[in-house]
Amino acid sequence: MKLRNWLLIAAVALATPASAQMERRDPHIGYAYPAGGQQGSTVEVLIGGQAIGGASLVHVTGEGVHAASVQFVKPLSNDQLKELRVYVTGLIKARQGTQAGKPRAKGTPEEDEEVTPDVPTLLQHPLLKRLPDMSLPELEHWATQFLNTYRRQLNPQLIEMAVVELVIDADAEPGDRELRIAGRQGVSNPLRFQVGTLPEVREHEPNDQTVFDKTPLELPAVLNGQIMPGDVDRFRFHAKADTPLLLRAQARSLMPYLADAVPGWFEAALTLYDATGKEVAFADHYRFEPDPVLTFKAPKDGEYEIEV
């Protein structure tokens with residue numbers, strides 16, 4: 001059977017806190033998000049690891065992938081977190097007031113709280129730069145998942161970050177590559193980085209069962225997401241009747257082992273729902289492979305939701 005439309009879901013897991021001692025200080029990278037990019041595109045990749053301070057070089061095997069820039073990102077201090085909390089609280093109040101039809105007057109305490117001298121500098125951080133443009137649900141989710149858990153999520157294995165701008169040539173050969181980052185203390189371990197041919201989309205949290213962008217995606221496509229502890233991600237797409245669909249997750253193939261507080265193997269599951277919320281297909285593996293592959297033929301035209 002020829003599969004004409006397909007969807008590839010690339011999931012990157014972020015580990016939770018660990019009690020492991022940081023005895024070794026060799027450069028080590030734990031994740032790269034997104035873990036790939038389309039031919040002919042420029043991709044901003046966030047890399048998390050340890051001992052990568054002062055990172056200045058990134059190497060991707062094969063031809064056609066070049067690092068245009070490398071920026072090392074320091075962890076946020078307690079004072080920065082306090083300033084950030086004030087700023088985000090002001091943003092949320094402003095969004096709530098606008099939704100209620102009550103725009104804030106100039107000079108209110110909430111507005112004054114938003115304008116903190118160090119906030120513009122903080123917003124250069126790759127995890128923070130989208131804050132001013134976030135919707136109310138995004139801000140509330142971000143405040144819960146980031147501000148309230150930042151210190152608890154600081155796994156020593158992932159505490160340092162670097163932002164890398166990768167340029168992928170239009171004629172770069174598609175397939176798996178190895179990505180390494182080099183800093184003052186040497187060259188890191190390799191991570192898998194994939195050059196693809198399909199358009200790529202990044203998730204926007206929150207996108208769980210109750211709140212997510214319900215604008216249907218155009219297929220075929222690659223969905224890039226990060227799975228947090230207890231996280232569920234959903235995406236909506238449109239399918240035509242009797243058109244075969246192939247939905248494939250790449251989870252353990254990108255990040256096999258999670259060395260967090262509860263070490264274990266990364267196991268993803270895919271569930272497909274129709275427009276009424278009825279489960280119509282499920283997969284948690286494929287033959288002898290742990291990453292799931294789900295095949296489905298829509299009985300009628302309509303919108304469907306895939307859950308990771």
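This is a predicted model: local features need pLDDT of at least 70, side-chain atom pairs count only at pLDDT 80 or more; totals for chains, interfaces and linings use all residues.
Reader: On to the inside, then: which residues have the most contacts in the largest nonpolar core?
Author: That core has 22 residues, and the ones with the most contacts inside it are Phe 237, Leu 272, Leu 294 and Phe 296. Two or more residues each come from β12 (221-227), β13 (234-239), β14 (244-250), β17 (270-273), β18 (279-283), β19 (293-297) and β20 (302-307).

Reader: What is Phe 296 in contact with, leaving aside its neighbours within four places in sequence?
Author: With those neighbours set aside, Phe 296 is in contact with Thr 243, Pro 244, Leu 245, Leu 272, Val 280, Ala 281 and Tyr 304. There is also a second, separate core, which has 20 residues and includes Ile 29, Val 65, Val 164 and Ala 172.

Reader: Changing topic, how many salt bridges does a search of the whole structure find?
Author: The search finds nine salt bridges. One of them joins Asp 176 and Arg 192, whose closest N and O atoms are 3.6 Å apart. Because Asp 176 lies in strand β8 (residues 175-183) and Arg 192 in strand β10 (residues 191-196), this pair ties together parts that are 16 residues apart in sequence.

Reader: How exposed are Asp 176 and Arg 192?
Author: Asp 176 is partly exposed, with a relative accessible area of 46%, and Arg 192 is also partly exposed, with a value of 35%.

Reader: What about Glu 305 and Arg 234, how far apart are their closest N and O atoms?
Author: In the salt bridge between Glu 305 and Arg 234, the closest N and O atoms are 2.7 Å apart. Glu 305 is in strand β20 and Arg 234 in strand β13, so the pair ties together parts that are 71 residues apart in sequence. Both Glu 305 and Arg 234 are buried.

Reader: Which residue is Arg 236 bridged to?
Author: Arg 236 forms a salt bridge with Glu 305, and the closest N and O atoms of that pair are 2.4 Å apart. This pair links distant parts of the chain as well, with Arg 236 in strand β13 and Glu 305 in strand β20, 69 residues apart.

Reader: Why do Arg 236 and Glu 305 count as buried?
Author: The cut-off for buried is under 20% relative accessible area; Arg 236 is buried because its relative accessible area is 14%, and Glu 305 counts as buried because its relative accessibility is 7%.

Reader: And which residues do shared partners join into one network?
Author: Salt bridges that share partners join Arg 234, Arg 236, Glu 303, Glu 305 and Glu 307 into one network.

Reader: Last topic, the open sheet of four strands: what is the strand order?
Author: The order is β13-β20-β17-β18, with antiparallel pairing. The edge strands are β13 and β18, each of which pairs on one side only, and the twist from one strand to the next averages 20 degrees.

Reader: Over how many bridges do β17 and β18 pair?
Author: β17 and β18 pair over four bridges in the antiparallel sense, and the bridge partner of Thr 271 in β18 is Phe 282.

Note on methods: Residues are numbered from 1 along each chain as its sequence is written. Side-chain values use heavy atoms; hydrogens and water are left out. A nonpolar core is a set of buried Ala, Val, Leu, Ile, Met, Phe, Trp, Tyr and Cys residues joined through side-chain atoms within 4.5 Å. Buried means under 20% relative accessible area, exposed over 50%, partly exposed in between (1.4 Å probe, protein chains only). Contact means heavy atoms within 4.5 Å. A salt bridge is a side-chain nitrogen of Lys or Arg within 4 Å of a carboxyl oxygen of Asp or Glu. Two strands pair if DSSP finds at least two bridges between them. Axes are lines fitted to C-alpha atoms, for helices over the stretch in contact, and angles run from 0 to 180 degrees between N-to-C directions.
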